[in-house]
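These are my notebook entries on one structure.

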Amino acid sequence: MGRHRGKYAEEAPGRRRRRRRRHGGAIAALAAAMVIAIGAVVAGIHVIDRVDGCTGSDLTLDVAVAPEMAPAVDAIATDFNAGEHTVDDECVHVDVRQVDSANVAFGITGSGATMGDTDSDVWIPDSSVWPRLVQSQAGDAIIAETGTSLARTPLVMTELDEFVDDDKEHTWADVVPTSAPGEEEGRNVRVVDPSRSSTGLGMLYLVHGALEESSPDTDTFNARMTAALQALHQGASADEEAAFLSLSGGSEEAPPLMVMSEQAVWRYNAQHSDAPARAGYLDSTYYLDYPYIVRSEESDITRAAEEFRRAVRDAESQEHFLSEGFRDADGALDGSVLTEEAGFREDVPEELPVPSEDSIDELTRSWKQLKMDSRVLTIVDISGSMLAEVPGTGMSRMQVTGAAASEGLQMFTSSSELGLWEFSTNVNGDLHHQELAPIRELQATADDGTEHRDVLDSALAGLEPLPDGDTALYETYLAAYQEMSQNYRPDRSNVILMLTDGDNDNPGGLELDELLEEIDGLSDPSQPIPIITIAFGPEVQHLEPLQEIAAATGGAAYMTEDPTEIGDIFLQAFSLRISEDIEN
């Protein structure tokens, strides 16, 4: 019978797959058979030769299958093994193992973490994106696509039944927030890590395509995609089980929303009857297609694989897939399994093509780039001009800047490291800058139990301009670059973020060419520290010096007369982490 081993089932000690017997094994087997036969004759037992069916030796076909499909494939394998299919008079025995699709792909390519046990004769991943990834990263790997899709299941938008609004229509572009924090209604969006989940990757693919189509230019697209990625990172789960748990624990303040396959919704509801979910459909979507992949070139194994491929594709086998919440290869479902009550419907959304190798690489790089925790030193101008009122707000530039920076904190994960300086002229004795909060993880706690994120929020809210202070911009840039160079973290994205409302104004102080020379002497290509400057207000007359500083460090410089636009500029600044990574 076929064996269905779970993720954490222990491997039998010394387990080895049986192949054709070698000469030594054949001699030993023959000797053992002679002893048994002689003993049987002595005992008066008559042995009758088998003239048809299996000869007694097994040819094991090792099949690695995506976990959610394992029950159906295992049932088919059980029937197949009972039917005594043969290749060269050897009985084909199908051994089914459930193995995470990413685990197999990374085991072949070496491009990601794997738990081992990734070799097999046949591989049935949940999506064709995995063999495409393997072919693009490990061209010499044996990956024979048979053109067979065992079953299909589309990605759908999923909400807990109690929060579903039947009158509200969604598009892929509005599934996740795509604006600066605080500008959209809160949504608790859940996604399984796209670097290890084809469903998570499929969600990025759908959102990416929708935003690309609806964005008027590249800068707008990059900013919106960055906001989407930031939002998804906040709700990312390591695996599907963790995502299910998060979905079931949603609150009315932030109703949970998740993109998953139809079949996953069916499994979720089977496990969480106390918090059922409903499937929602959009005009087009991406499908998980469960391709049948052969990973051997041995003649007997490939013929055995073909025998089993025919078995999983027959009409009787399709019933196993339908009963497990899948659609068949033609898109038909079993209405008694995928019921209308849970939101499932018979008509099939338009199928989008499987992402190309380039798209897969681009999306996973973008995700991983933003997944890398940041280490940011934020510096805020407190010169006298920050007392000026921002027209139409009733707030000073200082207050608007502090509020915008506080909202920007929401873009960072709790394990990101942030610090805060203020600067003007002579704010700390002869120094033109002063540390308000050291660079620490946002989730770190002070001696009194206050989280560092709250320490920063409080410091930003309490910023006070110096009425007579000037703008020692260049000296502060240099001091910040020295600080970040001395304490560089190679496992993080190290950034200096400057918020200022004026040009450099410090007579007798450092000049631009002197600053650039100092930075050149400190910089190390293997330890990039980009300087991102957001300059605002009518006092900013010259953007060129800030652009030169940005170019020297791999950063960026932005200018606006309206400090209320800082939130949107934050998004543009952080979208550099996507666009530059794609270009490289």
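**Entry 1: two helices.** I noted that α2 passes α9 in a right-handed crossing; a crossing is right-handed if the near helix is turned clockwise from the far one by less than a right angle, and left-handed if anticlockwise. The model is predicted, with local features needing pLDDT of at least 70 and side-chain atom pairs counting only at pLDDT 80 or more, while totals for chains, interfaces and linings use all residues. Residues are numbered from 1 along each chain as its sequence is written, and side-chain values use heavy atoms, with hydrogens and water left out.

Helix α2 spans residues 70-82 and helix α9 residues 299-313; I found an angle of about 115° between them and axes 10 Å apart. Axes are lines fitted to C-alpha atoms, for helices over the stretch in contact, and angles run from 0 to 180 degrees between N-to-C directions. Helices (H or I, at least four residues) and strands (E, at least two) are DSSP runs, numbered from the N terminus.

I then listed the contact (heavy atoms within 4.5 Å). From α2 come Val73, Ile76, Ala77 and Phe80, and from α9 come Glu307, Phe308, Ala311 and Val312. Seven of these residues are nonpolar, none is polar and one is charged. Here Ala, Val, Leu, Ile, Met, Phe, Trp, Tyr, Cys and Pro count as nonpolar, Asp, Glu, Lys and Arg as charged, and the others, Gly among them, as polar.

**Entry 2: aromatic rings.** How many aromatic pairs does a search of the whole structure find? I recorded five aromatic pairs. Rings of Phe, Tyr and Trp (its six-membered ring) pair if their centres lie within 6.5 Å; planes under 30 degrees apart count as stacked, over 60 as edge-to-face and the rest as tilted. Phenylalanine 80 and phenylalanine 308 form an edge-to-face pair, at 5.3 Å centre to centre and 80° between the planes. Phenylalanine 80 lies in α2 and phenylalanine 308 in α9, so this pair ties together parts that are 228 residues apart in sequence.

**Entry 3: a cavity.** On a 1 Å grid over the protein atoms alone, a cavity is a set of points where a 1.4 Å probe fits but cannot get out, and lining residues have an atom within 4 Å of a point. I found three cavities of 30 Å³ or more. The largest cavity is lined by 13 residues, and Thr378, Ala405, Leu409, Leu418 and Leu460 lie nearest its centre. Strand β18 gives the most to this lining, three residues.

How values were computed. 1 Å grid on protein atoms, 1.4 Å probe; cavity = no way out; pocket = protein on both sides within 12 Å on 5 of 7 lines; lining within 4 Å. Points joined across faces, edges and corners; volume = space filled by probe spheres on them.
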